[in-house]
Amino acid sequence: MEGISLEELQLAARNHGMPLEALRYPVTPVGLHYLLIHYDVPEVDPDAWRLTIRGEREISLGLEELKARPRAELTVTMECAGNGRARLDPRPVSQPWLLEAVGTARWAGTPLRPLLEEAGVGEGAVEILFTGLDRGIEGEIEQRYQRSLTVADAFREEVLLAYEMNGGPLPPQHGFPVRLVVPGWYGMTSVKWLAEIDVLDEPFAGYQQASGYRFRQTEDEEGTPVQRIVPRSLLVPPGIPEFLTRARTIEPGEVVLEGRAWSGLAPISAVEVSTDGGSSWADAELDPAEGPWAWRGFRFRWHAEPGEYVVCSRARDEAGNEQPLEPPWNLGGYANNSVQRVTVTVPG
């Protein structure tokens, strides 16, 4: 594998992951939640900002008008589609995520569906397009960040126009003043710095939909779209780390291995833990979930004896989807939900 380039390091310095010890929090503190910014954080005057919705009619709403609408609050686990990309071989060149591109927040705002109904979605409508205020160049195309959903997906009752995160206004880096939140889907769908919503009578063919975020094995494939989050579990790092390598050391005796598991396809039904690199597995205890779209805590009691171990966890959801032992490779490095492996030393 080639080393990380200066360009990738520059991306990594801008886009931070969640320290895995923050898995201890049912709701991730705002400053620890993962962050991905495609272009620049736009400067937005909240008093001048307006959201334009174009359907059979056009609606324009300021921030206070949007806040006057019915309020909803959801706890949602959000994960970047590229989480785990840097662990693939060959490694796709992009934001070099390891495992930390995830977080869970309490998002508050107003449901999208009533606003779409008010604007009018005609019988010929096929998709809803969401446009942010952030601008840049990607794939040699100058663009604003845009993503679309089918009408059916946009009409799901849990889809929010969020203006609060963990009880406070959205921070600038998380989409102030308003962002889309689409529970169960990878984070690229939840467009930040939202400015425009358009009802379309044909599928959106913009860069982020037709070129980006598609599963491909080669450049010339059309590929299939990246959508819902596949099952994943991560462990709170046990013991203490060595500074540079992050290698873990734990004391012998009773150890509680804990972590979180989530899936956008169905609720988590089971988590198994292995202390021998996946040769054998045992069921972990599950905590209640924070909500239907939030991760679920788990714990496993282990009597650690002196030696070297590889600790793993593996999640399964109610639809039968399970984490694979080996990573599924694709050109963009998307949805790598292979089992995490944590090497630990128990001194004698």
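These legends describe close-up views of one predicted model.

**View 1. The largest pocket.**
The volume of this largest pocket is about 900 Å³. Its lining is built from 31 residues. Nearest the centre of the largest pocket lie Leu20, Arg87, Leu98, Leu99 and Glu100. Strand 22 (residues 341-346) supplies the largest share of the lining, three residues. Sorted by class, the lining of the largest pocket holds 14 nonpolar, nine polar and eight charged residues.

**View 2. The second largest pocket.**
Here the volume is about 760 Å³. The second largest pocket has 28 lining residues. Look for Val93, Ser94, Glu138, Tyr207 and Tyr334, which lie nearest its centre. Helix 1, strand 5 (127-138) and helix 5 (207-211) are the elements that each give two or more residues to this lining. Helix 5 gives the most, with three residues. The lining of the second largest pocket divides into 13 nonpolar, eight polar and seven charged residues.

**View 3. The largest cavity.**
Two cavities of 30 Å³ or more are found in the structure. The largest cavity contains about 210 Å³ of space. It is lined by 21 residues. Closest to the centre of the largest cavity are Leu36, Arg179, Gly187, Ser190 and Lys192. The lining of the largest cavity counts 13 nonpolar, five polar and three charged residues.

**View 4. The second largest cavity.**
This cavity has a volume of about 30 Å³. Which residues line the second largest cavity? They are Glu79, Cys80, Ala81, Asn83, Tyr186, Val230, Pro231, Arg232, Ala335, Asn336 and Asn337. Six of the lining residues of the second largest cavity are nonpolar, three are polar and two are charged.

**View 5. A nonpolar patch on the surface.**
Ile4, Leu6 and Leu9 form this patch. Together the three residues have about 330 Å² of accessible area. Ile4 sits in the segment before helix 1 (6-14). Is Ile4 buried or partly exposed? Its relative accessible area is 45%, so Ile4 counts as partly exposed. That class lies between the buried limit, under 20%, and the exposed limit, over 50%.

**View 6. Tyr145 in its strand.**
Tyr145 belongs to strand 6 (residues 141-150). Is Tyr145 buried or exposed? Tyr145 counts as buried because its relative accessibility is 5%, and buried means under 20%. Now find Arg135, ten residues from Tyr145 along the chain. The C-alpha atoms of Tyr145 and Arg135 are 6.4 Å apart.

Note on methods
Residues are numbered from 1 along each chain as its sequence is written. This is a predicted model: local features need pLDDT of at least 70, side-chain atom pairs count only at pLDDT 80 or more; totals for chains, interfaces and linings use all residues. Side-chain values use heavy atoms; hydrogens and water are left out. On a 1 Å grid over the protein atoms alone, a cavity is a set of points where a 1.4 Å probe fits but cannot get out, and a pocket is an open set with protein on both sides within 12 Å along at least five of seven lines; lining residues have an atom within 4 Å of a point. Grid points are joined across faces, edges and corners, and a volume is the space filled by probe spheres set on the points. Ala, Val, Leu, Ile, Met, Phe, Trp, Tyr, Cys and Pro count as nonpolar, Asp, Glu, Lys and Arg as charged, and the others, Gly among them, as polar. Patches are made of residues with over 30% relative accessible area and no salt bridge: like charges are joined within 9 Å, nonpolar side chains (Val, Leu, Ile, Met, Phe, Trp, Tyr) within 5 Å. Accessible areas come from the Shrake-Rupley method with a 1.4 Å probe; for residues, only the protein chains shown count as cover. A salt bridge is a side-chain nitrogen of Lys or Arg within 4 Å of a carboxyl oxygen of Asp or Glu. Helices (H or I, at least four residues) and strands (E, at least two) are DSSP runs, numbered from the N terminus. Buried means under 20% relative accessible area, exposed over 50%, partly exposed in between (1.4 Å probe, protein chains only).
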